[in-house]
Amino acid sequence: MIRSTDEICAGLTLAAAQVQALLDPLDNRILLCHALDVSRVSLITQSERALNADEAACYSALVQRRLNGEPVAYIVGQREFFGLPFEVSSAVLIPRPDTELLVELALERLPPQGRVLDMGTGSGAIAVAIAHSRKDAAVTALDVSEQALEVASRNAAHNHCHINFLRSDWFAALAHQPRYDLIVSNPPYIASGDRHLGEGDLRFEPSGALTDFADGLSALRTIIAGAASHLHEGCWLLLEHGYDQAAAVRACLAQHGYTEVQSWQDLAGIERVSGGRLAIPATTAPSP
């Protein structure tokens, strides 16, 4: 059993490389496949294949990066989301399974030929997943980070999706854009100073995409307050948020006149997404 990266050397077989005490077995298989450019099936069918010196050095370096805490997705440069491959780098958050709930809710509420806006798109995961599932939709995605938009644009191209990307600090670049039939966002919602920012994968992800550098709700408030000017009446605003923020987000939505305000649970039973419909003003009957 491998107990040190020093034991990763030329002559090590694929079978032996998978018997180790350094990493989670899944992480180890992903890194081994990446280092050798082979499939997971090959780890079984070529189990007696021996690593040469270059392969061993590459694999050892990847293992050490993971031992240093770097996320596997950043090491291999890719993460799957909603069944699609996405390029990721330190310029964007790593797409997480929890966010697939937001996509599912959006697809249920997006009308035929609808216009949808993804705010703070990052890697483009939400926008691309929607566009890939709904070829009839007109999808716009914005982000304040030019680097993030470059990654998102490549992900759209790789997944054969047409998306209108805008560089914008929330609603700043939308003054002359038509209204939307759906607005979605997974904004920064971790409060400044939260201990989780210094733990695990979050240490390596862009802080500006994780925290609002305030109470964790400021970006959510900004979106809720501004969305009414860019959303058709009767249409939905859907927001991902933190595990303990659902009640505060629902209250903010209700305060701004949204109806059918509710929250939805992720697979772990945590209220992960909240939303509401922009109210349709009551018509006033003409005076007799």
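At what angle do the axes of helix α2 (residues 25–36) and helix α4 (residues 53–67) cross? In this predicted model, the two axes cross at roughly 145° and come within 9 Å. Two packed helices are described by the angle between their axes and the distance between the axes. The crossing of α2 and α4 is right-handed.

Residues from both helices build this contact. Helix α2 contributes Asp-27, Asn-28, Leu-31, Leu-32, His-34, Ala-35 and Leu-36. Helix α4 contributes Glu-55, Cys-58, Tyr-59, Leu-62, Val-63 and Arg-66. By type, the residues of the contact divide into 8 nonpolar, 2 polar and 3 charged.

Leu-32 lies in helix α2. Is Leu-32 buried or exposed? Its relative accessible area is 0%, so Leu-32 counts as buried, the limit being under 20%. Leu-32 and Ser-60 are 28 residues apart in sequence. In space, their C-alpha atoms are 9.2 Å apart.

The whole protein gives the setting for these details. There are 11 helices and 9 strands. The C-alpha atoms fill a box of roughly 95 × 40 × 30 Å, taken along the principal axes. Of the 288 residues, 48% are buried. Contacts between residues at least 6 apart in sequence were also examined. Among these, 62% join residues at least 24 apart.

Helix α7 (residues 125–133) is mostly covered. How many of its 9 residues are buried? The count is 7. The buried residues are Ala-125, Ile-126, Ala-127, Val-128, Ala-129, Ile-130 and Ala-131.

Val-128 of this helix is also one of the contacts of Asn-159. Asn-159 lies in the loop between α8 (146–158) and β5 (163–167). Asn-159 is buried, with a relative accessible area of 5%. Its neighbours within four places in sequence are left aside here. Asn-159 is then in contact with Leu-84, Pro-85, Phe-86, Val-128 and His-132.

Charged pairs were considered next. Side chains of opposite charge can pair when their charged atoms come close. A search of the whole structure finds 15 salt bridges. One of them joins Glu-108 and Arg-109, and the closest N and O atoms are 3.1 Å apart. Glu-108 is exposed, at 59% relative accessibility.

A second salt bridge joins Asp-136 and Arg-134, at 2.8 Å from N to O. Arg-134 is buried, with a relative accessible area of 16%.

The side chains of Glu-271 and Arg-250 also meet in a salt bridge, at 3.5 Å from N to O. This pair links distant parts of the chain, 21 residues apart. Glu-271 is in strand β9 (residues 271–278), and Arg-250 is in helix α11 (residues 246–255). Glu-271 counts as partly exposed, at 31% relative accessibility. Arg-250 also counts as partly exposed, at 26%.

Salt bridges can also be joined into a network. Asp-27, Arg-66 and Asp-201 are linked in this way.

How many disulfides does the search of the whole structure find? The search finds 0. A disulfide needs two cysteine sulfur atoms within 2.5 Å. Cys-58 is partly exposed, with a relative accessible area of 34%. Cys-235 counts as buried, at 12% relative accessibility.

Methods
Residues numbered from 1 in each chain as written. Predicted model: local features only at pLDDT ≥ 70, side-chain atom pairs only at ≥ 80, totals over all residues. Heavy atoms only, no water. Salt bridge = Lys/Arg side-chain N within 4 Å of Asp/Glu carboxyl O. Buried < 20%, exposed > 50% of the residue type's maximum accessible area, 1.4 Å probe, protein only. Helix = DSSP H or I, 4+ residues; strand = E, 2+ residues; numbered from the N terminus. Axes fitted to C-alpha atoms, helices over the stretch in contact; angles between N-to-C directions. Left-handed = near helix turned anticlockwise from the far one by under 90°. Contact = heavy atoms within 4.5 Å. Nonpolar A, V, L, I, M, F, W, Y, C, P; charged D, E, K, R; others polar.
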